[in-house]
Amino acid sequence: MAALIDYSQPTLWAAVASIVFNPTFWNIAARQEYHNKAITKLFGGNSLHGCYALAVTIFSLGIIRDLIYHFTLQAQPVHPLLDNSTVKAFSYGLFLSGNVLVLSSMWALGVTGTYLGDYFGILMDAPVTSFPFNVTDAPMYHGSTMSFLATALWAGRPAGVALTGLVWAAYTVARQFEDPFTTEIYAKRERERASGKKSS
Ligand SMILES: *[C@@H]1O[C@H](CO)[C@@H](O)[C@H](O)[C@H]1NC(C)=O
């Protein structure tokens, strides 16, 4: 029986490192910003510039991770069960749906909404409930995970399916930190708005 995953490939471990590193990095950076204004200080007190810089950094790290993933898959064995036209057709649809979720949520949230603007004190006027947020609660994360899986299936590489599992786990852990934070920061603003109304 052919091996499912070739653990001797160094690219595999580079992919693992980069998948775990990215959400860890942006959560630590965002928390440093929230508690110490660390990024805003780097940008001379301009939190909008700080948020854009973080956005460019996270986006670039994502491209690097995707490239490593791409080269990792090429070095991994193809499994005969995945190497057929049904799987290819499914992966094509999955890739399209995943990208629709990612791109439409970026479109709905804008740059600061997508890239942790709330940690910089840059809040949306109201939480977005339109598409794709009426389909899934975390379209960016689910869409990205779907694209990873689609790429793995398209390439017929079980290693990619395993790495997609790791992507899913990394995003799940990240959401344990991010979702309660975002909920609380908008609740705080609601309380401030409400008390502002009473006193005026
Ligand atoms: C989500 O909203 C879009 C329009 O923004 C609508 O076309 C779609 O039917 C909605 N989907 C669900 C599941 O409510």
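This is a predicted model: local features need pLDDT of at least 70, side-chain atom pairs count only at pLDDT 80 or more; totals for chains, interfaces and linings use all residues.

Next I followed the helix itself, which covers residues 47-74 and has 28 residues. From first C-alpha to last, α3 reaches 41 Å, close to the 40 Å expected at 1.5 Å a residue. Which residues of α3 are buried? I listed several, including Ala 55, Ile 58, Gly 62, Arg 65, Tyr 69 and Leu 73. A reminder to myself: an α-helix has 3.6 residues a turn, so residues three or four places apart point the same way.

I then checked the unreviewed UniProt entry, which lists residues 12-30, 51-72 and 92-116 under "transmembrane region". In the model, residues 12-30 are 100% helix and 0% strand, with end C-alpha atoms 28 Å apart. For residues 92-116 I noted 92% helix, 0% strand and 30 Å between the end C-alpha atoms.

Last, I looked for open space, and the largest pocket has a volume of about 1400 Å³. Which of its 48 lining residues are the closest to its centre? They are Leu 109, Thr 114, Pro 139, Met 140 and Tyr 141. Helices α1, α3, α4, α5 and α6 each give two or more residues to the lining. By class, I wrote down 27 nonpolar, 14 polar and seven charged residues for this lining.

Key
Residues are numbered from 1 along each chain as its sequence is written. Side-chain values use heavy atoms; hydrogens and water are left out. Helices (H or I, at least four residues) and strands (E, at least two) are DSSP runs, numbered from the N terminus. The expected span of a helix is 1.5 Å times one less than its number of residues. Buried means under 20% relative accessible area, exposed over 50%, partly exposed in between (1.4 Å probe, protein chains only). UniProt positions are given in the numbering used here, feature names are shortened, and annotations may be inferred rather than shown by experiment. On a 1 Å grid over the protein atoms alone, a cavity is a set of points where a 1.4 Å probe fits but cannot get out, and a pocket is an open set with protein on both sides within 12 Å along at least five of seven lines; lining residues have an atom within 4 Å of a point. Grid points are joined across faces, edges and corners, and a volume is the space filled by probe spheres set on the points. Ala, Val, Leu, Ile, Met, Phe, Trp, Tyr, Cys and Pro count as nonpolar, Asp, Glu, Lys and Arg as charged, and the others, Gly among them, as polar.
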